[in-house]
Amino acid sequence: MIDQTLLPVELKEIECRDTEAVWDAIKMLKVRGAPAIGIAAAYGICVGIRSFFSEGDSEDKGQFFDLLNRTADYLAASRPTAVNLFWALDRMKRIARELKDQKTAAEIAVALLEEARKIHEEDRAMCRKMGEYGASLVHDGDGLLTHCNAGGLATAEYGTALSVFFISAEQGKKIKVYADETRPLLQGARLTAWELHQAGIDTTLICDSMAAQVMKEGKIQAVFVGADRIAANGDTANKIGTYSAAVCAKAHGIPFYVVAPYSTFDLKLENGSGIPIEQRDPEEVRRGFGRQTAPDGVKIYNPAFDITPAELIRGIITERGIISPVNRENIEKFLG
Ligand code: MRU
């Protein structure tokens, strides 16, 4: 995988040869973005179970399932918010369970690799679909704001929110994208600006705190963001600062859209209050990228995500269509 922590300065691929390396890649944001975390975890299962064939008694299916479950539990503890991680791990475990009585451990391992590839391929196709639905909301000449990185780096290919921009550009629409830099880890500056600029899309980077002013100046016609987990009522967890962007959009009468595949919905949760919010190391704020910018000893609060209430979201763009208005009934209708 690409080590995203090195971008935009260095484009380097790393190899994850054991479960610990996959866990570390997810935890340290070498791979990040909800769908990409799910894909990495699915392949992580395949990496994790390899040791069974080199070390154990390869006929002992009990031991195989034991290792599989331990690998899944371990990977599940890497990051708490993006539900795609748990969704992918559950899907892998389900496949293995279904084959338990008919196949050998080696055959189940092959099926698991196929399933990981399927998850990867499905995501690619879903990104395109979401982009097409989202682009139907974009007009020639629009200024569009996004937050964090919901592009190719965060998914299998086109991205979720950025797919809307890529497809709009393919359709010949002249768009101007404003990318929030996304404090504290700068996914917008380092990754979104990098992706969009490379694709030749007119891109302007702004600090997160500038969004309201840019909206007031009439430069933004719509906001598109990704999601890490969407509750049954449409409340949406995404990168910290998304909620502020939604409040600003509301204040300026600008439509705010979330773009996410079905794997990002968590219908077991009634609303956003049940979504676990990852708390990250205060040093990411105190010494972002190596330079100290806050006094030693001062308290720092560093939640990585926030929850945007459903009522601030004009529509959720999925690979199955656009859910609007955003409410429990419509979400159920789309996702079953
Ligand atoms: O902490 P990160 O970089 O993994 O956070 C990512 C986001 O918040 C993205 O907007 C979200 O995962 C959607 S990616 C298509």
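Student: Which residue in E7 is the bridge partner of Val225?

Tutor: The partner of Val225 in E7 is Val258. This is a predicted model, where local features need pLDDT of at least 70, side-chain atom pairs count only at pLDDT 80 or more, and totals for chains, interfaces and linings use all residues. Residues are numbered from 1 along each chain as its sequence is written, and side-chain values use heavy atoms, with hydrogens and water left out.

Student: What makes E4 and E7 a pair?

Tutor: Two strands pair if DSSP finds at least two bridges between them. E4 and E7 are joined by three bridges, so they pair, and they run parallel. Strands (E, at least two residues) and helices (H or I, at least four) are DSSP runs, numbered from the N terminus.

Student: Which residue of E10 stands opposite Val258?

Tutor: Ile316 in E10 does. E7 and E10 (residues 315–318) pair in the parallel sense, over three bridges.

Student: How do you know that both faces of E7 are covered?

Tutor: Look at each side. Phe256 and Val258 are buried on one, Tyr257 and Val259 on the other. Buried means under 20% relative accessible area, exposed over 50%, partly exposed in between (1.4 Å probe, protein chains only).

Student: Why is Leu29 called buried?

Tutor: Its relative accessibility is 8%. The limit is under 20%, so Leu29 counts as buried. Leu29 sits in the loop between H1 and H2 (34–48). Its phi is near 65°, a positive value in a residue other than glycine.

Student: And why does Cys148 count as buried?

Tutor: Cys148 has 6% relative accessibility, so it falls under the cut-off and is buried. Its place is the loop between E1 (143–146) and H7 (161–170). Cys148 is not a glycine, yet its phi is positive, about 65°.

Student: What are the buried residues of H10?

Tutor: In H10 (residues 242–251), Thr242, Ala245, Ala246 and Ala249 are buried.

Student: Why are they said to be on the same side of H10?

Tutor: They cover an arc of only 100° around the axis, which puts them on the same side of H10. The arc is that of the directions from the helix axis to the C-beta atoms. These buried residues pack against H9 (211–216) and strands E4, E6, E7 and E9. Just after H10, Gly253 takes a positive phi of about 65°.

Student: Which peptide bonds are cis?

Tutor: A cis bond joins Leu7 and Pro8, with omega about 5°. Another joins Arg183 and Pro184, with omega about 0°. Pro8 is in the segment before H1 (19–27). Pro184 lies in the loop between E2 (176–180) and H8 (187–198).

Student: What makes a set of residues a nonpolar core?

Tutor: The members are buried Ala, Val, Leu, Ile, Met, Phe, Trp, Tyr and Cys residues, joined through side-chain atoms within 4.5 Å. The largest such core here has 39 residues, and Ile45, Phe64, Met92 and Leu112 have the most contacts inside it. H2 gives the largest share, nine residues. Apart from it lies another core, of 27 residues, among them Tyr178 and Val214.

Student: Which residues is Ile45 in contact with, leaving aside neighbours within four places in sequence?

Tutor: Contact means heavy atoms within 4.5 Å. Ile45 is in contact with Leu68, Thr71, Ala72, Leu75, Leu89, Met92 and Leu112, with those neighbours left aside.
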